[in-house]
Amino acid sequence: MKASQPRRRLLLGLLAAPLALAACKDEAPRQAALTNLEGVNMSGADFAKDFSLTDTEGQRRTLADYRGKIVLIFFGFTQCPDVCPTALTRAVDIKEQLGEDGDKIQVLFISVDPERDSNDVLRAYMQAFDPSFVALRPSAEELAKTAKDFKVFYQKVPTGSSYTMDHSALTYVYDANGRLQLALRHTQTTEEAVADLRQVLALSR
């Protein structure tokens, strides 16, 4: 007995469904889960996806420029008394402890004080830590937009005749495909940060 037309369509649909699901499953990107992190797992975050800012040489930069690298992004300012130099010194130590994998790390420093952080000042500041570190100097409008996109806090605080800057102290970490994976806490030791970063490096292998 021949199946009716509606029934035949239903049977064909049921047979095709598993094949379609299998195809979708095969094409979906596979990503190992980050486990036992000392930092904050950001792999499911729906923000801080990209930026478009100018470096100290006047070149417009985005995450795509650093594809293939593990990117560490930190917001700070050159006159910061302790948090910024501590974070950048830790980044130097991280690269050293990672050995050959240290060359796969790219540090980006986004100034929250472009008023005082000129290109020359930022360039010298990066050189003092690691010549490979890149400083990005946004306009006031670009800083406001980027900080909002990254959920970063910054605020000018008067200090007598001058001012300082309060700001967030997390370091955002992106894998080699430009995907946000974790945030290093300012309180993490170099060893703890290296352990977290080895997991991110493993995602790209």
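Colleague: How far is the sulfur of Cys80 from the closest cysteine sulfur, and in which residue does that sulfur lie?

Modeller: This is a predicted model, in which local features need pLDDT of at least 70 and side-chain atom pairs count only at pLDDT 80 or more, while totals for chains, interfaces and linings use all residues. Residues are numbered from 1 along each chain as its sequence is written, and side-chain values use heavy atoms, with hydrogens and water left out. A disulfide is a pair of cysteine sulfur atoms within 2.5 Å, and the structure holds 0 of them. The sulfur of Cys80 is too far for a bond from its closest cysteine counterpart, the separation being 3.1 Å and the partner Cys84.

Colleague: Is Cys84 buried or exposed, and with what relative accessible area?

Modeller: Buried means under 20% relative accessible area, exposed over 50%, and partly exposed in between, with a 1.4 Å probe and protein chains only. Cys80 counts as buried at 8% relative accessibility. Cys84 is likewise buried, and its relative accessible area is 0%.

Colleague: In what order do the strands of the open sheet run?

Modeller: Helices (H or I, at least four residues) and strands (E, at least two) are DSSP runs, numbered from the N terminus, and two strands pair if DSSP finds at least two bridges between them. The sheet is open, with 6 strands and mixed pairing, and S1 and S6 stand at its edges, each with a single partner strand, so one side of each is left without a neighbour in the sheet. Strand S5 (residues 105–111) pairs with S6 in the parallel sense over 3 bridges, and Phe109 stands opposite Ala135 in S6. The order is S1-S10-S9-S4-S5-S6.

Colleague: Which strands does helix H2 touch where it packs on the sheet?

Modeller: Contact means heavy atoms within 4.5 Å; axes are lines fitted to C-alpha atoms, for helices over the stretch in contact, and angles run from 0 to 180 degrees between N-to-C directions. The direction of H2 (residues 83–97) makes about 170° with that of S5. The strands that H2 touches are S4, S5, S9 and S10.

Colleague: Within what arc do the buried residues of H3 fall, seen down its axis?

Modeller: Helix H3 (residues 119–129) lies across S5 and S6, and its buried residues are Leu122, Tyr125 and Met126. The arc is that of the directions from the helix axis to the C-beta atoms. These buried residues line one face of H3, because they fall within an arc of 95°.

Colleague: Which exposed residues does H4 carry on the face turned away from its buried side?

Modeller: The buried residues of H4 (residues 140–149) are Leu143, Thr146 and Ala147, and they cover an arc of only 100° around the axis, which puts them on the same side of H4. They pack against S2, S4, S5 and S7. The face turned away from that buried side carries Glu141, Lys145 and Lys148.

Colleague: Which residue's backbone nitrogen does the side chain of Asp55 reach?

Modeller: Asp55 is found in the loop between S2 and S3, and it is buried, with a relative accessible area of 5%. Not counting residues up to four places away in sequence, Asp55 touches Arg61, Asn119, Val134, Ala135 and Leu136. The backbone nitrogen that the Asp55 side chain reaches, at 2.9 Å, is that of Gln59.

Key
Polar contact = N/O pair within 3.5 Å; in protein donor to acceptor, adjacent residues only side chain to side chain.
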